[in-house]
Amino acid sequence: MAHLHITSWVIAFALVALVTTFTRSGNEKAAKISHMILRVDYLLVLYSGGSLFASYANYDALVIIKLLVGLWAIAAMEMVCIKYKKKQPAASWWGQLLIAAVIALVLGFGFLELGILPA
Ligand code: HEM
């Protein structure tokens, strides 16, 4: 499940890069298709993260923060794509995505016990 989780959020980051690049270059059809694939990929991130969460025996603060920060990162990805589509400023959502992603990575790889790296 950890491998599915990592694979699906890596794909999500790649798709955010594609959506924003396509939108910026005016290729709206490609942007729309990659955004739709991104939304399906959110489901994989949520399913795999939810399964990891469900496999905990005891819930400490860190894993609850990890869950919330993961959801925040997905919300920020979606908002970045929407702001690009509407041609509105996206900087604050880029900032939030960066903060949420860094916290999720540090908690996930550094502090939490499940997954592929020993904490
Ligand atoms: C872009 C969003 C996300 C990123 C960058 C991210 C990142 C990570 C990373 C790096 C790990 C550690 C994997 C490992 O050590 O093998 C992890 C594990 C986990 N993630 Fe996420 N995640 C995201 C979204 C989510 C979401 C939405 C949820 C909840 C629905 C979630 C829940 C979890 C849980 C419960 C774990 C297991 C923690 C542990 O290692 O004990 N994540 N995530």
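Here is the tour, stop by stop.

Before you click, know that this is a predicted model, where local features need pLDDT of at least 70, side-chain atom pairs count only at pLDDT 80 or more, and totals for chains, interfaces and linings use all residues. Residues are numbered from 1 along each chain as its sequence is written, and side-chain values use heavy atoms, with hydrogens and water left out.

**Stop 1: the iron atom**

Select the iron atom of the ligand. Which residues coordinate the iron atom? They are His5, through NE2, and Lys66, through NZ, at 2.0 Å. Donors here are N, O and S atoms within 2.8 Å of the metal (3.2 Å for Na, K and Ca); water is not among the atoms, so sites may look incomplete. The site has six donor atoms with angles of 81 to 177°, and it is octahedral (six donors, with opposite ones over 155 degrees apart and all others between 65 and 115). For reference, ideal angles for six octahedral donors are 90 or 180 degrees.

Now colour the two residues. Histidine 5 sits in helix α1 (residues 2-24) and lysine 66 in helix α3, so you are looking at a link between parts of the chain 61 residues apart. Helices are DSSP runs of H or I, at least four residues, numbered from the N terminus.

**Stop 2: lysine 66**

Zoom in on lysine 66, in helix α3 (residues 61-85). Is lysine 66 buried or exposed? It is buried, with a relative accessible area of 17%, and histidine 5 is buried too, at 11%. Buried means under 20% relative accessible area, exposed over 50%, and partly exposed in between (1.4 Å probe, protein chains only).

Lysine 66 has no salt bridge (a side-chain nitrogen of Lys or Arg within 4 Å of a carboxyl oxygen of Asp or Glu). The nearest side chain of opposite charge, aspartate 60, is 12 Å away; Lys and Arg count as positive, Asp and Glu as negative, and His and the chain ends are not counted.

**Stop 3: a salt bridge**

Next, select glutamate 78 and arginine 39. They form a salt bridge, with the closest N and O atoms 2.5 Å apart, and the count for the model is one. Glutamate 78 lies in helix α3 and arginine 39 in helix α2 (residues 28-54), so the pair ties together parts 39 residues apart in sequence. Glutamate 78 is buried at 14% relative accessibility, while arginine 39 is partly exposed at 40%.

Key:
Helices (H or I, at least four residues) and strands (E, at least two) are DSSP runs, numbered from the N terminus. Four donors count as tetrahedral if all angles lie between 85 and 135 degrees; four count as square planar and six as octahedral if opposite donors are over 155 degrees apart and all others between 65 and 115; anything else is irregular.
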